[in-house]
Amino acid sequence: MIRCDSSRHTCLTSAVITLGLFAAQVGTTAIRADDPAIAAALSRPILAPDQPLAEVQAFCTARVARLPRCATLAEWEAEAQRVRTAMLDQVIFRGAARDWRAAPLQVEWLETIPGGPGYTIQKLRYAALPGLWIPALLYVPDHLSGRVPVVLNVNGHDSQGKSAPYKQMRCINQARRGMLAMNVEWLGMGQLRGDNWLHYRANQLDLCGTSAVSVFYLAMQRGLDVLLAHPQADPSRVGMAGLSGGGWQTIFLSSLDERVTAANPVAGYSSFLTRAQFVSDLGDTEQTPSDMAAVADYTHLTALRAPRPTLLTFNSKDDCCFRADHALQPLLDATQPIFALYGQPQQLRWHVNDDPGTHNFLLDNRQQLYRLLLDAFFPNAPGSSTEIECEAEVKAAAELEVELPEENLDFHTLARQLAAGLPRTNAAGTANQRRQRLRELARYREETCQVEEAWHTNGETITILGQRLKIGDWSVPVVEFKPAEVQGTTLLIADGGRTTGAAEIARLLSEKQRVVAVDPFYFGESKISQRDFLYAMLVAGVGERPLGVQASQLAAVASWARSGDRAPALVAQGPRTSLIAQVAAACAPDRFAQVSTQDALGSLHQVIENNWSVDLFPELFCFGLLAEFDVPELLQLADPAR
């Protein structure tokens, strides 16, 4: 049986992680909510410093797909085809994205404005998917003759978007060298800035069973479609370049879309293995799509560039992410043998920028791009990679603004559309079949507990134990309160961690309950000390789910805490841990005598209605959960009689 009260939201607080394990004693017969012994026991650390960080790093590292060693070109090309297909079908185009992928190209050409010597700028907008329009600029050389090279220029996390001066200057230089240069806006930047474009809101699509990364991918791919549809575009000479998030876009699209012949990702990515150890490199929603790392690492994507001309640019003193000294070499080690299989090792280039060496696409890095494009597109023609002076031609953002539809979709409005009618009403099967499907969606695992260490003190009325349970790959801290007379066992979890549960523990002890306060993955003492939500996203990226990890831990603790044939009760305080409790009980109803939730969600639709983001509540965005389940069915499945 599950009991719920209100659905108001409770905020998460964090606990401080320090070294030590404890034993504490309560020696009074009166049990008060403000009893200092209870508070002291709850706040006393059990885990070693940064143990949750070390364990999540090891957990993710072990699950990242490795690039295979291929002895022949045929072996590699078979692997390359497998990876491309799996990335497109199993990671990017899931759910509604399959229909978006098949939608016809929509582009609207708008006004042309003067550029500078030798080129004009044509404004346009195109639909990344039906109802979501992207503003863009096409820099067109004067006096075009025949087919000419084209370059897709993307940008990263820069609020200036397509009007960023360093981006305008590289587009101008491409046009003045005879190339068609497209400058596309990125989601959440420039003209597409806004709260509903926050990248961490894109995970609302994941909850609905549609890959959030598909929107990012289609925004790039449709831009390339528009560029190559130009009557004078040369499909054999296609370039792509960008900084930071633009560097990520460049490697992501150019590896999977073989139309991109020359690519220059700048300070935009590193291997998932590198990211797990260097917290600066942990990527946002688009960089860490659910399940990607179980299919392919960024080493695979870099190798998929072979044998096309590729320049990897990193910065020596990068003050943001992907610093050269740790990001570059693992990519080269993985990729150079693949280019060698084609007999074209020279097509893989790399550059480390020292001036200024920070996170940039300034003069030195731009000139490296021009050299790549000249060598790839005009191999037998003389040309200089020195930048053509054009600072006076840089325009203000207002001059480059492209008119957009008033009702343009964004991540939140798109998620609301997807959520309508969910969960799907055609779900069928017995209760056990539905439980099995829930286990699959949540990546629930049957686990056992091993008590690694335990300390206790026997008081006159209560014994308190601090214990660390080894559950699979995780160490889960629990504090056990045992009165002299025990009439049952209750597990307690809370959004604020175990330190916030003193009042409930005192109440339960007064009812002669043995109480086990648990901090599952990501909560309380199990909270990750650095970039916590990015590691939670990486857990989903390697094919697992934070929600499944938490539910599996809770069910394992329930089995361990069982007294004879009496299953423990469970109390969850807060909307997040309430959902964990509901999923655990639905997956393993025989583990819990009853479940009581406080401030629980009445429906997963509230996640979208409240416009929540994955950085605040990572386990709520379990891929596809709302597409097939909602809270009312979870409550039904939690009944062991069903």
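The legends below describe close-up views of a predicted model. Local features require pLDDT of at least 70 and side-chain atom pairs count only at pLDDT 80 or more, whereas totals for chains, interfaces and linings use all residues. Residues are numbered from 1 along each chain as its sequence is written, and side-chain values use heavy atoms, with hydrogens and water left out.

**Figure 1. The largest nonpolar core and Leu 187.** The largest nonpolar core has 164 residues; such a core is a set of buried Ala, Val, Leu, Ile, Met, Phe, Trp, Tyr and Cys residues joined through side-chain atoms within 4.5 Å. Buried denotes under 20% relative accessible area, exposed over 50% and partly exposed in between, with a 1.4 Å probe and protein chains only. Trp 100, Leu 132, Leu 187 and Phe 252 have the most contacts inside this core. Its largest share, ten residues, comes from helix H7 (residues 213–228); helices (H or I, at least four residues) and strands (E, at least two) are DSSP runs, numbered from the N terminus. Among the residues that Leu 187 touches are Leu 132, Ile 134, Trp 197, Val 215, Phe 216 and Phe 411, residues up to four places away in sequence not being counted; contact means heavy atoms within 4.5 Å. In soluble globular proteins, nonpolar side chains tend to be buried together.

Figure 2. In helix H16 (residues 502–510), the buried residues are Ala 502, Glu 504, Ile 505, Ala 506, Leu 508 and Leu 509. Lys 512 follows H16 and has a positive phi, near 65°.

**Figure 3. Aromatic pairs.** The structure holds 17 aromatic pairs. Rings of Phe, Tyr and Trp (its six-membered ring) pair if their centres lie within 6.5 Å; planes under 30 degrees apart count as stacked, over 60 as edge-to-face and the rest as tilted. The pair of Tyr 522 and Phe 523 is edge-to-face, because the ring centres are 6.3 Å apart and the planes stand at 80°. Phe 523 is buried, with a relative accessible area of 0%. Elsewhere, ring pairs link Phe 93, Trp 186, Trp 197, Phe 216, Tyr 217, Trp 248, Phe 252 and Phe 411 into a cluster.

**Figure 4. Backbone features in loops.** Tyr 522 is not a glycine, yet has a positive phi of about 85°. The loop that holds Tyr 522 runs between strand E16 (513–518) and helix H17 (532–541), and the residue is buried at a relative accessible area of 2%. Asn 611, also not a glycine, has a positive phi of about 60°. Asn 611 belongs to the loop between helix H20 (605–609) and helix H21 (625–628) and is buried, with a relative accessible area of 14%. The peptide bond from Ala 306 to Pro 307 is cis, with omega near 0°; Pro 307 occupies the loop between helix H11 (298–303) and strand E10 (310–315). A cis peptide bond, again with omega near 0°, joins Leu 422 to Pro 423, in which Pro 423 lies in the loop between helix H14 (411–419) and helix H15 (431–442).

**Figure 5. The largest pocket.** The largest pocket contains about 310 Å³ of space. On a 1 Å grid over the protein atoms alone, a pocket is an open set of points where a 1.4 Å probe fits, with protein on both sides within 12 Å along at least five of seven lines, and lining residues have an atom within 4 Å of a point. Grid points are joined across faces, edges and corners, and a volume is the space filled by probe spheres set on the points. Of the 16 lining residues, Arg 437, Leu 441, Phe 623, Gly 624 and Glu 628 are the closest to the centre of the largest pocket. H15 gives the most to this lining, with three residues. The lining of the largest pocket comprises four nonpolar, three polar and nine charged residues; Ala, Val, Leu, Ile, Met, Phe, Trp, Tyr, Cys and Pro count as nonpolar, Asp, Glu, Lys and Arg as charged, and the others, Gly among them, as polar.

**Figure 6. The second largest pocket.** The volume of the second largest pocket is about 260 Å³. Of its 20 lining residues, His 157, Ser 244, Cys 320, Cys 321 and Phe 322 are the closest to its centre. This lining divides into seven nonpolar, eight polar and five charged residues.
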